[in-house]
Structures are given as C-alpha cells and as structure tokens.
Amino acid sequence: MVDEIYETTFNSKVLAIVPYPPQVVFCKGDVSSVADLEGLKIRASGRMTAKFLDALGAQSVNISFGEVPDALQRGVVDCAVTGAGSGYSAGWWEVTDTLMTLPLGGWDPVVTAINLDKWNDLSPEDQAFLESEVSEKFEKAVWSTAQAELDQDVACLTGNGDCARGPSHSMTWAEPSADDIFTAKRILIDIVLPEWAERAGGEWVEKWNASVGKVAKIKLAVPGE
C-alpha cells in the first residue's frame with residue numbers, strides 16, 4: 001500500500017520503512033494515568049495525535065517543537081508529546097516532571113524513498129545493490145533496536161537504568177496500566193480511526209482493512225456502506 005502511494009503520489013520508489021520511537025507525554029506535575037490528562041492543554045505531535053487527545057478530553061495545542069520548553073514554562077501548555085529521545089536531547093526534562101510512556105502518538109513510520117525516474121535510470125545491478133544495502137544495514141538494524149532505543153531513552157530521562165547518552169535525570173516514570181492501554185485502544189478504534197475513515201474515503205479504508213487492519217485485527221466500516 002505504501003509502495004503504491006509513493007509511486008502514484010510522489011513519483012518515488014520506497015526503499016525502507018522503519019519505526020521512529022513512539023510519541024510519549026512529558027507533563028508538569030503529577031500525572032499517573034490517562035484519566036489525569038483530561039482537561040489539560042497538551043502539545044500534540046501531529047494531526048492524529050491531536051485527534052486522540054481531543055477524544056480523550058484534553059485540549060490539543062499546535063506548537064512547534066522548538067517553542068515547547070518556553071510554552072511549558074509559561075503555562076501555555078501543561079504537557080507535550082514527542083519521542084522520548086527527542087525530549088531528552090531538547091532538554092524537556094528541565095521543564096517537566098512526569099514521563100508517561102503510553103504511546104499516544106504511536107510508533108511513527110519513517111519512509112526512505114528515491115525519485116522513481118532516478119531509480120529507473122539505475123542498472124538492475126545497482127538497484128539490487130542499493131536495495132540490499134538499505135535492507136541489511138539500515139532497515140533491519142533499526143527494527144531490531146527500536147525497543148532497546150526506547151528503553152535507553154526512558155533510562156536517560158528517569159534514571160531507571162544506565163544512560164549511555166549522557167547524564168541521566170529524575171523524571172517520574174508513569175508506566176501505562178492495563179486500564180490506560182484499554183482506554184487508549186477504545187478511543188483509537190471507536191473515535192480516531194472512524195473519523196479518519198470518513199476523511200480518507202472508501203477506497204483507502206478498504207486498502208487499510210486489507211493491510212494494517214488485517215495485521216492489527218481491526219476492521220473499519222467503509223463509508224457509505
């Protein structure tokens with residue numbers, strides 16, 4: 001499905017799809033569950049994350065990544081969503097107290113692609129070499145270390161484990177409970193995905209059901225049917 005999107009929309013050939021660390025929540029004060037996010041102003045990391053936060057009862061706020069620390073200090077937002085490693089590197093631990101590791105923004109996919117005209121100009125040998133190198137030395141490596149990277153980011157932010165990237169810090173770690181995970185899944189399935197289906201249209205919903213939905217065992221209703 002992604003191959004088709006990139007070929008028809010962007011005139012590109014997909015070489016790799018890898019996971020970016022999940023989007024987690026940095027908050028001021030004591031936040032221990034998803035229910036505690038209700039009513040808070042939270043910087044979203046993208047449109048779908050904003051939809052999720054709104055469905056949760058929070059108020060999603062659109063603020064650029066670089067403006068987040070100042071917004072947290074001034075009380076413009078109470079929490080902010082980004083990757084744990086990004087928050088560590090940007091010093092968000094200086095202006096927040098709690099790290100909630102429920103992946104409200106999911107594991108973002110990162111696509112590596114090459115212009116299709118350029119790809120077609122390459123010899124079959126060069127194409128095979130490029131695909132092999134990207135697969136073996138990039139794509140497989142990132143997938144195999146994704147969870148370990150998240151664990152390392154959490155250790156660096158909370159002091160729960162050794163941090164190989166620099167000084168560790170002492171944020172409170174709010175691990176998601178079974179109730180939190182259940183609530184998040186219900187909001188995703190009952191509100192966020194159906195809203196996306198209405199915007200995307202029947203053709204893409206059917207493609208989603210046959211790919212992502214099939215793997216996740218979630219079938220969306222096709223609009224108009």
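**Entry 1: disulfides**

I began at C156 and C163: the torsion about their S-S bond is about 90°, so this disulfide is right-handed. I took a disulfide to be a pair of cysteine sulfur atoms within 2.5 Å. The S to S distance from C156 to C163 is 2.0 Å. Both cysteines, C156 and C163, are buried. Buried here is under 20% relative accessible area, exposed is over 50%, and partly exposed is in between, with a 1.4 Å probe and protein chains only.

I note that this is a predicted model, where local features need pLDDT of at least 70, side-chain atom pairs count only at pLDDT 80 or more, and totals for chains, interfaces and linings use all residues. Residues are numbered from 1 along each chain as its sequence is written, and side-chain values use heavy atoms, with hydrogens and water left out.

I then searched the whole structure and found 2 disulfides. C27 and C79 form a disulfide, S to S 2.0 Å. This link is right-handed too, with 105° about the S-S bond of C27 and C79. C27 sits in strand β2 (residues 23-27) and C79 in strand β5 (residues 79-83), so the bond ties together parts 52 residues apart in sequence. Helices (H or I, at least four residues) and strands (E, at least two) are DSSP runs, numbered from the N terminus. C27 and C79 are both buried. Counting bonded cysteines along the chain, I read the pattern as 1-2, 3-4.

**Entry 2: the sheet**

I traced an open sheet of 6 strands in the order β4-β3-β5-β2-β6-β8, with mixed pairing. Two strands pair if DSSP finds at least two bridges between them. β4 (59-61) and β8 (172-174) are at the edges with a single partner strand each, so one side of each has no neighbour in the sheet. I looked at one pair more fully. Strand β3 (residues 41-43) runs parallel to β4, joined by 3 bridges. Opposite K41 I found Q59 in β4.

**Entry 3: the largest pocket**

I looked up the largest pocket next; about 1700 Å³ of space lies in it. A pocket is an open set of points on a 1 Å grid over the protein atoms alone, where a 1.4 Å probe fits, with protein on both sides within 12 Å along at least five of seven lines; lining residues have an atom within 4 Å of a point. The volume is the space filled by probe spheres set on the points, which are joined across faces, edges and corners. Of the 39 lining residues, G106, W107, P109, W208 and V212 are closest to the centre. α7 gives the most to this lining, 9 residues.
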